[in-house]
Amino acid sequence: MKIDFRKIETTDIEGNNSTFDVSKELGNTIYKNTPDLGELDFAQTIYKEGEVEVDEEKAAIIRKYMDVGQFLAFIKKSVYEKLDSINNQKQ
C-alpha cells in the first residue's frame, strides 16, 4: 500500500479537517535515530519522495519512530489509522 506522507489528512478535536506534510519530519526522525542502513534508506525515500510503498515491516518502522518524534497526537492518530489499514488488507 502506498502512503503519501505529504498529504496526511487529520481531524482535530473540533472536527475540522486538515492536511499535513509530515514527510520531512518523519524522514529526519528516522534518519537521526536509526543505526540500521535499511531504515536509513527508507528515511531518505520518505524525506525525498513523500509517497512510499509501505508493508507490515515498514509500518513497524514508522510506528517506532512516530513515538520517538515530536508528532502531535492527532497526526499520530491519522498515520496509525493508515498503517492499521495495511494489516486489515491482509486479513
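Predicted model: local features only at pLDDT ≥ 70, side-chain atom pairs only at ≥ 80, totals over all residues.
Residues are numbered from 1 along each chain as its sequence is written, and side-chain values use heavy atoms, with hydrogens and water left out. The accessibility classes are buried for a relative accessible area under 20%, exposed for over 50%, and partly exposed in between, with a 1.4 Å probe and protein chains only.

Side chains of opposite charge can pair when their charged atoms come close. With a salt bridge defined as a side-chain nitrogen of Lys or Arg within 4 Å of a carboxyl oxygen of Asp or Glu, the structure holds five salt bridges. In one of them, Arg63 pairs with Asp84, and the closest N and O atoms are 2.2 Å apart. Because Arg63 belongs to helix α3 and Asp84 to helix α4, this pair ties together parts that are 21 residues apart in sequence; helices (H or I, at least four residues) and strands (E, at least two) are taken as DSSP runs numbered from the N terminus.

Lys76 is found in helix α4 and counts as buried at 19% relative accessibility, whereas Asp67 is exposed, with a relative accessible area of 52%. Lys76 and Thr10 are separated by 66 residues in sequence, and their C-alpha atoms by 9.2 Å in space. Another salt bridge is formed by Asp4 and Arg6, whose closest N and O atoms are 2.8 Å apart; here Asp4 is buried, with a relative accessible area of 14%, and Arg6 is partly exposed at 36%.

A pair of aromatic rings is described by the distance of the centres and the angle of the planes. Rings of Phe, Tyr and Trp (its six-membered ring) are paired if their centres lie within 6.5 Å, and planes under 30 degrees apart are counted as stacked, those over 60 as edge-to-face and the rest as tilted. By this rule the count comes to one aromatic pair. The ring centres of Phe20 and Phe74 lie 5.6 Å apart with the planes at 70°, so the pair is edge-to-face. The two residues come from distant parts of the chain, Phe20 from strand β3 (residues 17–20) and Phe74 from helix α4 (residues 73–90), 54 residues apart. Phe20 is partly exposed at 29% relative accessibility, and Phe74 is also partly exposed, at 27%. Between the C-alpha atoms of Phe20 and Ala43, which are 23 residues apart along the chain, the separation is 18 Å.

On the surface, a patch of negative charge gathers Asp36, Asp41, Glu49, Glu51, Glu53, Asp55 and Glu57. The elements that contribute two or more residues to this negative patch are α2 (37–49) and β4 (51–53). Asp55 is placed in the loop between β4 and α3 (56–68) and counts as partly exposed at 38% relative accessibility. Patches are made of residues with over 30% relative accessible area and no salt bridge, like charges being joined within 9 Å and nonpolar side chains (Val, Leu, Ile, Met, Phe, Trp, Tyr) within 5 Å. Lys and Arg count as positive and Asp and Glu as negative, while His and the chain ends are not counted.

Note on methods. Areas by Shrake-Rupley, 256 points an atom, 1.4 Å probe, with all protein chains shown as cover. Charge placed at Lys NZ, Arg CZ, Asp CG, Glu CD.
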